[in-house]
Amino acid sequence: MVKTLEQAKRHKKIRSLNEALESGSLDQVARILNRGLSPSDIAHLLESTPPKERSVLWQLVDKELEGEILQYLSDEVRTDFLSKLNPQELISITEDFETDDLADVLQQLPEKVIQEVLDAMDLQDRQRIEEVLSYAEDTAGGLMNTDAITIRPDISIDVVLRYLRRHRSLPEMTDKLLVVNRKDEFIGVLSINKMLVSSPSSTVREVMDTEAVTIAVSTPETEVANLFERRDLVSAPVLSSDGRLLGRITIDDVVDVIRDDADHSLMSMAGLDEDDDTFTPIIKTAKRRAVWLGINLITAFIASAVIGLFEATIEKVVALAVLMPIVASMGGIAGSQALTLVIRSMAVGQISRNNLGWLLNREFIVGILNGCLWALIVAGAAIAWFNDLTIGVIIAVALLINLIVAAVAGTMLPVLLRARNIDPALAGGVILTTITDVVGFLSFLGLATIVYA
């Protein structure tokens, strides 16, 4: 109920803001923005606003709120705002950013700007940022934060508590303290819960956990997300190849990875970038989509060329022109089902060499069963429609062939594409559609040509 009331209040404030914006009352807009909405709500509002109005809203935001708002914005919108700032303004606006968030921001900027920002930082902050920037963005090193609190194993719990009280606050998502030796080599973790219920005289070594989950710095971010999901982690230490503690990854960053992966899969199937801004200018949007439309046009010409090979047969039996889209469409749907399942399973790490054979065999059998079922149904409909037993048999056989091929192709395509470092979500759908169209038309029109020749 509380959540519902909060949502109602927020929607009311946003409605009032929109009304004030339409009436041109900028003072009222600024008051609602900076006093009535949270930074996350302002970020959502900015992303939901066309460029011209977005620029006006951003100018009305209080300077002290800008940094926090930026952390909630999508990459494209955030980069657009940051590109208009000089290095000193960048440092000022991002001074409260965590190391990993600041690294993400810098990676979206030109190399010259990155260097200017780094040069303007103090030595300690620059070293932390440079360390994170030295790792690929899509690895544990690119995700990690260097704000971990470390302790030695030979001190008492009482000393740890006194040490923590010297901090004004603990880093966000601190559910455990990381135990290291004098060489910064990771030894174990001391959970906050364990520390609070342990005797103050106990040493860290006596109560720490030496079997804690750790993450190698080169681990891909998708594997990191899967590990957090399987083990219900809030945070996890990141180690170098020689066991030295480099930092930690927290659940808020992993949620971003999961969301970005989901956006990537969804948008890639349409040839779009997951960071595409809903209100990107017309020319920029048209350019991005033109590439994908061109690729699809090529595949359409391939399918049309196959149909052209059987032009004489189609002219002889007009019913073929009416029925052939059914064969291609059914194959496309069956293939998409298998393709989507495999891409999703690969994303969560469920597919390996050991189980790929079983999965392929299952999809092959499913293709046969569904092929037989729908071949009979479509054949019956075709016979009743055109009063022609022959055409019913032809479409039944063609449909069976295409559904089997679609199931196998949908299963194997993501695996083959991933092996060649090609994104299955981006290329799989186009290739699969081409395969099912070509096989569908070839089998249906080819069989018809043989029978009616």
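Modeller: In this predicted model, contact means heavy atoms within 4.5 Å.

Biologist: Which residues does Leu70 touch, leaving aside those up to four places away in sequence?

Modeller: Leu70 touches Trp58, Arg78, Phe81, Leu82, Ile93 and Phe97. Leu70 also belongs to the largest nonpolar core, a set of 35 residues, and is one of the members that touch the most others, alongside Leu17, Leu33, Leu46, Ile69, Leu73 and Leu106. Another core, of 26 residues, lies apart from it and includes Val306, Ala406, Phe441 and Ala448.

Biologist: What makes Lys63 and Glu66 a salt bridge?

Modeller: The closest N and O atoms of Lys63 and Glu66 are 3.5 Å apart; the cut-off is 4 Å, so the pair qualifies. Both lie in helix H5, three residues apart, and are therefore separated by about one helical turn.

Biologist: Why is Lys63 called exposed, and why is Glu66 called buried?

Modeller: Lys63 has 64% relative accessibility, and exposed means over 50%, so Lys63 counts as exposed. Glu66 has 7%, and buried means under 20%, so Glu66 counts as buried.

Biologist: What does the salt bridge between Arg248 and Asp147 tie together?

Modeller: Their side chains meet at 3.0 Å, N to O. Arg248 lies in strand E6 and Asp147 in the loop between helix H11 and strand E1, so the pair ties together parts that are 101 residues apart in sequence.

Biologist: Why is Asp175 called partly exposed, and Lys176 buried?

Modeller: Asp175 has a relative accessible area of 23%, which falls between the limits of 20% and 50%, so the term is partly exposed. Lys176, at 16%, is under 20% and therefore buried. The side chains of Asp175 and Lys176 meet in a salt bridge.

Key. Residues numbered from 1 in each chain as written. Predicted model: local features only at pLDDT ≥ 70, side-chain atom pairs only at ≥ 80, totals over all residues. Heavy atoms only, no water. Core = buried A, V, L, I, M, F, W, Y, C linked by side-chain atoms within 4.5 Å. Buried < 20%, exposed > 50% of the residue type's maximum accessible area, 1.4 Å probe, protein only. Helix = DSSP H or I, 4+ residues; strand = E, 2+ residues; numbered from the N terminus.
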